[in-house]
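Please read them with the sequence and the structure open beside you.

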Amino acid sequence: MFWFLLITMVVVVAAVTLAVVGGGDSEVLPDAAPEQLVDPLPLSRPVDRSDVEALRLPVTARGYRMEDVDDVLDRLAAELAERDARIAELEAALAGAPARGTAEGDER
C-alpha cells in the first residue's frame, strides 16, 4: 500500500511539473481581451436618470477602466454645467419678467 501511494504521488508531481514547466511555446493562460463599455451614454440626446442608472462600467483586474470612467465623468460634468447655465438663464429671465411686467403696467 505504501509503494502504491508513493508511486501515485510521484506520478502526480511529475504530471503537474510537466504541465507547468513543459508548456512549450503556448502560454498557460492566454491574455483575456479587455471588457469594453457596452452601452455608453447616448450622444444624440441629453443624459437622463435612467441612462445613469443603466450604466455599467467594465471591470478590470485593478478596478474600473480609467478611460471609460473618465469619459463618463467628463460627459456628466458637461451635461451638468449645461443644465446649470440653462437654470441660471431661466431664473434670471424669471426674476426679470415680473419687474418688467409691473414696469410696463405702471407706464400705462
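This is a predicted model: local features need pLDDT of at least 70, side-chain atom pairs count only at pLDDT 80 or more; totals for chains, interfaces and linings use all residues.

1. Residues are numbered from 1 along each chain as its sequence is written, and side-chain values use heavy atoms, with hydrogens and water left out.

2. The secondary structure of the chain amounts to three helices and two strands, and from the N terminus on these elements follow the order α-α-β-β-α. Helices (H or I, at least four residues) and strands (E, at least two) are DSSP runs, numbered from the N terminus.

3. Of the 108 residues in the chain, 12% are buried, where buried means under 20% relative accessible area, exposed means over 50%, and partly exposed lies in between (1.4 Å probe, protein chains only). The accessible surface of the chain is about 9,500 Å², and carbon and sulfur atoms account for 64% of that surface; the areas come from the Shrake-Rupley method with a 1.4 Å probe, and for residues only the protein chains shown count as cover. Among contacts (heavy atoms within 4.5 Å) between residues at least 6 apart in sequence, 51% join residues at least 24 apart.

4. A nonpolar surface patch of about 780 Å² is made by F2, W3, L6, I7, M9, V10 and V11. Patches consist of residues with over 30% relative accessible area and no salt bridge, nonpolar side chains (Val, Leu, Ile, Met, Phe, Trp, Tyr) being joined within 5 Å and like charges within 9 Å. M9, one of the patch residues, lies in helix 1 (residues 2-21) and is exposed, with a relative accessible area of 55%.

5. A negative surface patch is formed by E67, D70, D71 and D74. D71 belongs to helix 3 (residues 66-107) and, at 46% relative accessibility, is partly exposed.

6. The structure holds seven salt bridges, each being a side-chain nitrogen of Lys or Arg within 4 Å of a carboxyl oxygen of Asp or Glu. In helix 3, R83 and E79 are four residues apart and therefore separated by about one helical turn, and they form a salt bridge whose closest N and O atoms are 3.8 Å apart. R83 is partly exposed at 38% relative accessible area, whereas E79 is buried at 11%.

7. Salt bridges that share partners also join R45, D48 and D51 into one network. R45 meets D51 at 2.7 Å, N to O, and pairs with D48 with the closest N and O atoms 3.9 Å apart. R45 is partly exposed, with a relative accessible area of 38%, and D48 is partly exposed at 34%, while D51 is buried at 13%.

Conventions:
Lys and Arg count as positive and Asp and Glu as negative; His and the chain ends are not counted. The place of a charge is taken as NZ of Lys, CZ of Arg, CG of Asp or CD of Glu.
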